Amino acid sequence: DTWTARILTLFPEMFPGPLGQSLAGKALEKGIWRLETMDIRGFATDRHRTVDDTPFGGGAGMVMRPDVVDAALEAATADGLKPAIYLTPRGRLLKQELVQELAAGPGLVVLCGRYEGLDERVIEARGLLEVSLGDFVLSGGEPAALALIDACVRLLPGVMGAEATLAEESFNTGLLEYPHYTRPAEWSGRSVPEVLMSGHHEKIRRWRQEQAEETTRLRRPDLWDAYRKRKA
Ligand code: SAM
């Protein structure tokens with residue numbers, strides 16, 4: 001029951017990629033999580049291993065065939081691993097809450113689209129959870145899968161050295177994080193805010209809270225409103 005990321009892709013060589021480095025890579029080596037790739041092309045049934053076809057109704061681009069994708073999903077979910085996620089700009093925007101839910105579960109099956117995306121029927125038939133990384137268009141789901149899995153893996157027990165740092169991060173508190181400073185204390189004519197050098201823990205805590213609130217209010221009025229409603 002190791003946390004497992006199972007990736008359905010036309011480009012398995014893109015993995016582990018950055019997930020093989022640093023925190024995630026060390027955790028992968030230690031067996032804290034598992035990464036499996038399945039080549040969607042392996043589920044094509046014709047001689048040419050076709051995975052896509054032209055869109056009904058016409059228009060540009062190609063569409064991934066439902067029969068091929070369904071066969072891949074059938075194999076990927078046979079042992080009960082879920083949820084099955086389709087990364088798409090049409091999906092629900094990825095938020096830290098979903099990342100936390102996914103990290104707490106057994107793992108995920110994630111399907112990376114290419115071309116214009118999937119035939120709608122396989123999304124419906126499989127009840128895929130559609131997730132978007134943001135309001136922009138990537139050329140494929142693979143970079144999105146890397147980002148999603150990275151966000152999950154760093155929350156797994158034993159991956160981050162100091163678990164305490166997680167609690168104060170952006171979104172966990174409902175606010176964006178306060179600014180950070182390190183040595184040198186004077187750099188390029190800029191100094192570090194006095195209070196951080198004071199050693200006065202309560203003052204530092206209050207200053208960081210104010211900074212986090214101010215940054216959130218200015219940059220993300222949507223988060224700020226939600227935060228204030230929650231406090232009220
Ligand atoms: N025709 C699609 C549209 O207009 O929404 C864009 C398809 S995109 C070129 C190819 C694949 O990249 C998608 O099927 C999806 O898997 C992935 N992708 C692109 N942008 C994404 C995003 N913002 N979030 C998650 N996945 C994305």
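Predicted model: local features only at pLDDT ≥ 70, side-chain atom pairs only at ≥ 80, totals over all residues.
Begin with the whole chain in view and colour two ranges separately: residues 3–153, which form domain 1, and residues 168–231, which form domain 2. The centres of domain 1 and domain 2, taken over C-alpha atoms, are separated by 36 Å.

Next, select the ligand together with the 19 residues around it, among which L87, G113, G117, L138 and G141 come nearest. If you sort this shell by class, you will find eight nonpolar, eight polar and three charged residues. Now highlight strand β5, residues 84–93, which gives the most to the shell around the ligand, with four residues.

For the following stop, turn to the record: an unreviewed UniProt entry lists G113, L133, G134, D135, F136, V137 and L138 under "binding site".

From that list, select L133, which you will find in the loop that runs between β7 (129–132) and α5 (142–153). Leaving aside residues up to four places away in sequence, L133 touches L94, A144 and A147.

Then move to G134, which is also in the loop between β7 and α5. Is G134 buried or exposed? G134 is exposed, because 11 other C-beta atoms lie within 10 Å, and a residue with 12 or fewer is counted as exposed. L133, by contrast, has 19 other C-beta atoms within 10 Å and is therefore partly exposed, since a residue is called buried if there are 20 or more.

How values were computed. Residues numbered from 1 in each chain as written. UniProt positions renumbered as here; feature names shortened; annotations may be inferred. Helix = DSSP H or I, 4+ residues; strand = E, 2+ residues; numbered from the N terminus. Contact = placed C-beta atoms within 7 Å. Near = placed C-beta within 6 Å. Nonpolar A, V, L, I, M, F, W, Y, C, P; charged D, E, K, R; others polar. Domains from an automatic or database assignment.
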